[in-house]
Amino acid sequence: MSETSSRQDPPPEPAPQAAAATPPGVPPPGGHHLTPPPRRKWPWIVAALAVVIVGGIVALAVAAHHQATQPVTVRYSVTGNAHSVGIDYSTWDNQTISTTKLTAPALPWAKQLTTTGFVRGGSLTVTLGASGGTATCSVTTSENNKTYTATATGPFASAQCRGF
């Protein structure tokens, strides 16, 4: 007779299975839950930056439009004791510069203009003749209520008010 063993080998363990690709947030087979992947923050950061940039552009456009449509009053004047004073003034109005030249036989002389547009400013120049004397030019704008002045003294002297 042959000897038989009452001893049996234990059943073989199942081979490990390769992890099946499961979409994020779906539990794998067997019922164990995986931790959901962290939420990405960069889309929110990009969206917030876009809102800030667009808001800044809109604010700049509104400010530029407001400045371009606001009328500004410019008052030119020349005072002094000189005779036959040459006066040249220029002013930006609605994106165009206009220049005027004249001779004032006696002082004082004054001119007031209202301008509009994004570009502002101009100049006022006084030039004395051979007889000399003294002449003071001044320019005042309603935009900043600042007065710009300059004085010319003596034959053929000149003074220029600018920067407004």
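The protein has one helix and eight strands, where helices (H or I, at least four residues) and strands (E, at least two) are DSSP runs numbered from the N terminus. This is a predicted model, in which local features need pLDDT of at least 70 and side-chain atom pairs count only at pLDDT 80 or more, while totals for chains, interfaces and linings use all residues. Residues are numbered from 1 along each chain as its sequence is written, and side-chain values use heavy atoms, with hydrogens and water left out.

**Overall architecture**

- Along the sequence, the elements follow the pattern α-β-β-β-β-β-β-β-β.
- Of the 164 residues in the protein, 23% are buried; buried means under 20% relative accessible area, exposed means over 50%, and partly exposed lies in between (1.4 Å probe, protein chains only).
- Among contacts (heavy atoms within 4.5 Å) with a separation of 6 or more, 59% are between residues 24 or more positions apart.
- The accessible surface of the protein comes to about 12,000 Å², and carbon and sulfur atoms account for 59% of that surface. Accessible areas come from the Shrake-Rupley method with a 1.4 Å probe, and for residues only the protein chains shown count as cover.

**The four-stranded sheet**

- Four strands form an open sheet in the order β3-β2-β5-β8, with antiparallel pairing; two strands pair if DSSP finds at least two bridges between them.
- Strands β3 (96–104) and β8 stand at the edges with a single partner strand each, so one side of each has no neighbour in the sheet.
- From one strand to the next, the twist averages 10°; axes are lines fitted to C-alpha atoms, for helices over the stretch in contact, and angles run from 0 to 180 degrees between N-to-C directions.
- Strand β2 (residues 85–93) runs antiparallel to strand β5 (residues 122–127) and is joined to β5 by six bridges. Thr-91 has Gly-122 in β5 as its bridge partner.
- Strand β5 is also antiparallel to strand β8 (residues 158–162), with five bridges between them. Here Ser-123 stands opposite Arg-162 in β8.

**The nonpolar surface patch**

- Ile-45, Leu-49, Ile-53 and Ile-57 make a nonpolar surface patch of about 420 Å².
- Patches are made of residues with over 30% relative accessible area and no salt bridge; like charges are joined within 9 Å, and nonpolar side chains (Val, Leu, Ile, Met, Phe, Trp, Tyr) within 5 Å. A salt bridge is a side-chain nitrogen of Lys or Arg within 4 Å of a carboxyl oxygen of Asp or Glu.
- Ile-57 lies in helix α1 (residues 42–69), and Ile-57 counts as exposed because its relative accessibility is 55%.
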